[in-house]
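Work through the exercises below with the structure open. Each task is followed by a solution in steps.

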Amino acid sequence: MLLGLAAGKPASHLSELQELAEMSFPHPSKESMIELLGPMTADAKLRTRYEHVVTAVGTALGSASRQEAEDWTHRILSCLRVWQVDAGSDGREVKMALDCLTQVLSEGNQNPADIFSHLCTLAETWGPRAGQLDAPSIRRALRSRFGVQILERSSTSPLGRSSSRRVSQLPPTPAHFHGRSAELAKLSSLAEQTLDGTSNSSSVASIVGKPGVGKTTLAVRLAWELTERFDGPQLFVDLRGTDGKPLDPGDVLRGFLVALGENATTIPTQTNERSALFRSILITQRGLLILDNAANAAQIEPLLPGSGQIFTFVTSRNALVGLASTLQVSLDVLPHQDALEFLMSATGRPELAEDEHVEDVIELCGRLPLALRIIATLLCGWGNWSTAHLASSLRDESERLDRLSPSDVGVRASIGLSYRQLQKQARRIFRFLAAIPNATFDYRIAAIVTGMPERLIKRRLEDLVDLHLVERTGLDTVYTFHDLIRIFARERLEKEETQEQIAEIEVRLMKGLLPQALRAGRALIPAMRAKLTPKEIAAADKGHALRWLDREWPLIRGVIGLVAKHELTGDLILLLRDLERYVEMRELWRSWLELSKDVVDASERANEPLLRLLALVMKTYASARTHDIDGTREALERLDSALLEVADPRFQAEAMNAKGNGLRLLSDTKGALECFKKAYHFYDSMSEGSGRSICAHNIASAYRDLGQYDRAIEFYLEDLQGARDQKDHWSEAWTLNSLGGAYDLAGKSEDAIRVHSQAYEIFRHVDAHGFMSRCLHDLGIALQKKGEDSTAIRCHTFDLALCLARDDVRGASMALGRLGDLSLGQNDSRAAAFYDAAIDLSQASGDIDTAVTCLINRAHTAARCFTDPTPYVDAARSLLGEGILVRRRGALLVSLSQVDGVSLETRNRFLSDAIELLESVDAQTELKRARDLIDSLRDEATNSQESDHEPASNQP
């Protein structure tokens with residue numbers, strides 16, 4: 001075809017032309033084709049022929065650049081390939097067709113649409129199945145296989161040339177597109193308005209968003225969907241708004257005008273004149289225009305059509321302030337389900353829906369479409385990585401961008417384009433913000449790390465927002481980083497600043513934030529309020545301190561890590577002591593446990609005995625509260641040695657109290673009680689009322705574990721009085737609820753209901769939803785024992801709602817289990833449904849105790865419904881491992897032995913195992929029950945044997 005034209009002999013090199021067309025088939029992008037034909041990787045002769053084709057195309061198109069010539073060359077080769085496959089040929093017809101096409105091309109300055117249209121004509125004229133094949137089918141084949149859009153030619157054009165100079169410049173349609181339904185709906189609606197004339201002028205839709213979020217993909221995808229209706233010119237240009245040298249609007253207009261059929265020699269030289277001509281040509285057209293990667297509104301304005309039916313997309317990383325767009329779509333990252341569906345489609349692996357690691361991979365990519373495309377390549381292409389390996393690799397922030405940046409078009413390069421657009425001061429601010437140990441931050445924190453006045457930093461942050469390098473949250477003064485952009489900023493910080501400069505930023509942040517954190521923490525402790533000003537106390541009474549800590553806790557966590565890193569021992573000790581009440585109120589023990597590891601390491605580096613002791617106290621408390629048995633054992637071993645290095649009775653008392661909590665977790669209740677009593681006497685000798693009250697509470701809990709409920713009530717009442725003396729309402733409520741549990745176990749249901757209700761009201765007043773949930777749970781149990789089932793159901797239902805609102809899976813499973821208990825015997829099918837849901841949730845949250853309890857009750861339900869309870873009994877038995885306290889394990893085994901349908905031998909085994917466990921922790925109450933039951937079973941077995949040996953009575 002064109003190769004023949006270049007050589008002067010139209011069909012003499014048909015075999016090379018056919019080979020080029022064949023090569024284009026499995027490589028449907030211009031870039032892939034050029035790479036395949038690189039001088040080091042392809043036959044030199046074939047490469048030379050390809051160069052002839054490119055030169056010939058440039059000549060045929062008049063004034064085409066090298067890039068345009070390569071692009072149209074590939075499209076023509078693709079078109080020829082489809083024609084050969086779909087229309088068929090035997091060589092003779094091909095030769096005649098190529099000679100005919102040469103005649104058309106020899107006139108020069110042809111529109112590519114004319115070339116394509118003429119190929120369709122040749123298919124109809126010369127193809128062996130000409131009677132069965134038409135031009136529309138060729139167009140559809142090209143569009144579906146290669147993303148090549150061929151417009152219908154005018155039937156009055158003598159040589160197949162389009163009289164309307166229609167042109168299609170759209171890039172290939174994106175593969176594996178998922179989601180964006182809301183955005184597509186908005187844009188499609190605007191397109192309809194453009195067509196039906198309800199829009200007064202050509203509609204302009206701007207699509208803005210962070211790097212790699214899929215702005216161009218969305219625009220091109222919708223454009224392809226609209227091509228059948230917008231059948232006029234379909235123009236596309238990359239304005240290069242992020243590469244430092246954005247295209248001049250005048251040059252862009254010249255290219256558009258040439259494509260639309262204007263003679264290159266007669267095009268005006270002034271941009272405004274070119275713009276006027278461009279609008280004049282388009283005024284009667286119904287087409288599409290994509291202005292991709294715009295730098296700003298000024299670059300776009302001359303390129304916008306006037307009135308008419310031209311639907312225009314503008315994509316940009318900038319906010320495009322001042323652009324007169326009809327609709328602006330701010331594109332965010334993909335929802336999780338859309339991201340998953342994209343990965344499944346792009347990899348051809350539907351089994352990813354059940355993969356346990358794919359959720360981590362998606363979230364570590366920040367659900368950014370560009371990152372997900374790279375992940376899809378890794379999963380199904382180079383390296384054939386597993387999701388487990390990818391997740392493990394991506395968790396390391398120092399390697400994450402490396403993994404997501406395999407080439408110059410990776411995530412790092414994409415973000416880097418926006419970074420290079422910033423002015424010098426803005427780049428510095430962007431880097432410094434990465435020193436904040438949290439992705440979300442208040443503008444005041446930004447002012448601290450940058451050392452800038454607050455009024456000025458607010459303006460600079462808006463510059464970063466305009467480029468989508470940071471984002472606003474729901475609060476006007478709070479901003480956030482996308483994870484991958486924050487990692488990029490941290491890289492730039494470490495590469496462009498010295499370690500000394502980074503240390504200065506971190507110290508500036510610590511000095512700015514620590515005083516606020518300390519005073520907010522003290523505001524929650526009545527005994528510490530004497531150190532606050534009257535204004536701070538009034539603010540604390542209104543809940544300001546608690547709300548501030550809630551908002552800034554992730555940042556405070558990071559700052560504690562920085563304090564440990566810089567070994568500021570005094571500040572660290574103050575933070576640990578003054579923030580513990582907040583941690584307890586919000587039950588942030590897992591977070592506290594993670595922090596304790598950094599603090600222990602810091603104490604070892606600093607060789608500070610007091611800090612080491614307090615760090616181990618912190619770790620012991622956190623390990624016990626999170627039921628981390630191995631961590632508790634390890635912390636207790638180190639705590640004993642640390643106690644020998646500190647003689648201060650105050651800190652020894654804290655350590656003994658922490659040790660008691662650890663021993664209680666390990667079911668050494670008597671050892672725990674001894675530690676609590678020692679700590680109690682230490683505090684008593686120092687007249688330290690708050691410490692003594694805490695120890696009294698713990699002593700009461702130990703007595704309750706031992707079944708000595710009267711003693712437990714005595715010490716709970718002492719703790720309660722201490723909390724009231726100090727006007728510590730939170731401690732008062734906590735103790736009231738614990739006291740209610742002791743009353744309940746002692747058989748004093750009315751007292752239990754009374755104090756649980758009082759505790760609930762106090763927690764409701766301080767907006768402590770987690771503890772409100774706990775009170776409702778315990779109150780429901782007490783009400784059920786008293787026979788007030790309907791009120792108990794309301795308590796557990798409200799508890800369930802609170803848990804679901806807080807994403808408290810463990811609490812929700814416990815509430816469901818209690819609702820199952822209340823339905824048992826009344827509606828066994830409903831009880832079974834509650835238990836099944838509770839089992840699923842408790843296993844998902846790792847709450848083995850609740851899972852076993854619900855499995856036992858589910859076994860009871862199965863037996864009542866005359867179905868086999870064995871699967872539930874076996875599942876419960878298999879879960880009874882180290883994750884449950886020894887005493888509790890024994891009690892659950894006793895409950896298992898009571899399930900109807902369990903064999904006598906199995907019951908005996910369960911009870912024997914239970915007695916062995918309960919003896920090891922001296923749990924007398926549970927031991928007595930287990931021994932009574934096993935004696936009963938022995939009597940039952942004996943009676944059964946005697947019955948078997950009795951002679952049968954004579955029958956009448």
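**Exercise 1. Aromatic pairs**

Task: State how many aromatic pairs the structure holds, and classify the pair of phenylalanine 311 and phenylalanine 313.

Solution: This predicted model holds 18 aromatic pairs. For phenylalanine 311 and phenylalanine 313, the centres are 4.8 Å apart and the planes make an angle of 70°. An angle over 60 degrees counts as edge-to-face, and this pair is edge-to-face. Both phenylalanine 311 and phenylalanine 313 are buried.

**Exercise 2. A tryptophan pair**

Task: Classify the pair of tryptophan 553 and tryptophan 592.

Solution: The ring centres of tryptophan 553 and tryptophan 592 lie 6.4 Å apart with the planes at 35°, so the pair is tilted. The pair links distant parts of the chain: tryptophan 553 belongs to helix α26 (residues 544-565) and tryptophan 592 to helix α28, 39 residues apart. Next, apply the cut-off for buried, under 20% relative accessible area. Tryptophan 553 has 6% relative accessibility, so it counts as buried. Tryptophan 592, at 0%, is buried.

**Exercise 3. Positive phi**

Task: Is glutamate 587 buried, exposed or partly exposed, and where does it lie?

Solution: Most residues other than glycine have a negative phi. Glutamate 587 has a positive phi, near 55°. Glutamate 587 lies in the loop between α27 (569-586) and α28 (589-606). Its relative accessible area is 31%, so glutamate 587 is partly exposed.

**Exercise 4. Charges over rings**

Task: Which rings do the charged ends of arginine 427 and lysine 458 sit over?

Solution: Arginine 427 has its charged end over the ring of tyrosine 419, 5.3 Å from the centre. Tyr419 is also one of the residues in a cluster linked by ring pairs, which includes Phe430 and Tyr479. The charged end of lysine 458 sits over the ring of tyrosine 443, 4.8 Å from its centre.

Note on methods: Residues numbered from 1 in each chain as written. Predicted model: local features only at pLDDT ≥ 70, side-chain atom pairs only at ≥ 80, totals over all residues. Heavy atoms only, no water. Helix = DSSP H or I, 4+ residues; strand = E, 2+ residues; numbered from the N terminus. Buried < 20%, exposed > 50% of the residue type's maximum accessible area, 1.4 Å probe, protein only. Phe/Tyr/Trp six-rings, centres within 6.5 Å; stacked < 30°, edge-to-face > 60°. Lys NZ or Arg CZ within 6 Å of the ring centre and 35° of its normal.
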